[in-house]
Amino acid sequence: MTAGPGPGAHAPATEVLGFAEAELPAALAAQVAALEAEAWPGATPGHDPALAPRALLLVTADGTVAASLALLFKEIRHAGRTYRAAGLSSVVTRRALRGRGCGARLVAAARRELAAVPGLDLVLFSCDRPLAPFYEAAGFTRLPGAVLVGGTPGEPLATDGPGFDKVVLAEFLGADGPEGPAGPDGPAAFAGTRIALHPGPVDRLW
């Protein structure tokens with residue numbers, strides 16, 4: 001994920017647009033692919049359709065994509081319960097517009113959108129350690145000691161693997177109370193644990 005806070009010039013006038021990834025207009029899709037290729041050279045563009053990917057874009061008045069991210073969805077099993085989970089992936093801000101609050105605005109919009117999804121239990125994702133304060137400022141909670149295990153059960157990829165320095169963040173949604181993910185057992189059930197996300201071989205860590 002490549003986004004972050006910082007002082008700078010005022011952000012350009014923008015609007016947030018959301019699309020199912022398969023319905024992303026070609027002109028916007030080409031810009032997103034270019035931003036991702038610049039941030040992560042060699043990475044395969046796009047996301048696994050099995051994760052119901054949704055593209056969220058911050059777009060200027062002239063049609064320039066200032067920032068983009070993907071929302072991904074799947075059910076996970078953890079501590080004997082099934083949760084409907086979502087995650088943020090491929091968060092990137094156009095290099096020329098970094099430091100102007102574009103990434104912060106888009107991540108805040110993503111958090112609001114996910115909070116309104118019926119039946120969604122939690123938002124769960126990881127980021128490089130230096131970016132954790134950025135996501136915490138957007139309202140997500142760090143899960144101390146938590147490890148996301150991505151990939152597949154046969155070929156796992158964990159956020160505490162060699163060369164990684166990742167932090168796991170979450171937001172607990174759903175009904176309040178001891179039986180709901182937002183209840184007192186929610187964060188406690190995930191902090192300090194290994195969480196079998198297993199999104200597959202494409203979006204290996206969301």
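Predicted model: local features only at pLDDT ≥ 70, side-chain atom pairs only at ≥ 80, totals over all residues.
1. Start with strand β4, which spans residues 81–93. Ten of its 13 residues are buried, so β4 is largely enclosed by the rest of the structure.

2. On one side of the pairing list is strand β3, residues 65–78. β3 and β4 are antiparallel and share eleven bridges. Look for Arg77: its bridge partner in β4 is Thr82.

3. Now check the turn. Two residues sit between the strands of the β3 and β4 hairpin. Ala79 has a positive phi there, near 50°.

4. Strand β4 also pairs with strand β5, residues 122–128. These two run parallel, and two bridges join them. Ala85 is found opposite Leu122 of β5. How does the chain get from β4 to β5? It passes through helix α2, residues 102–115. This β-α-β crossover is right-handed.

5. Next, turn to His47. Its place is the loop between α1 (26–39) and β2 (54–60). Is His47 buried or exposed? Its relative accessible area is 9%. The cut-off for buried is under 20%, so His47 counts as buried.

6. What does the side chain of His47 touch through a polar contact? The partner is the side chain of Asp203, at 2.5 Å.

Terms used:
Residues numbered from 1 in each chain as written. Heavy atoms only, no water. Buried < 20%, exposed > 50% of the residue type's maximum accessible area, 1.4 Å probe, protein only. Helix = DSSP H or I, 4+ residues; strand = E, 2+ residues; numbered from the N terminus. Pairing = 2+ DSSP bridges. Right-handed = clockwise from strand over helix to strand, strands pointing away. Polar contact = N/O pair within 3.5 Å; in protein donor to acceptor, adjacent residues only side chain to side chain.
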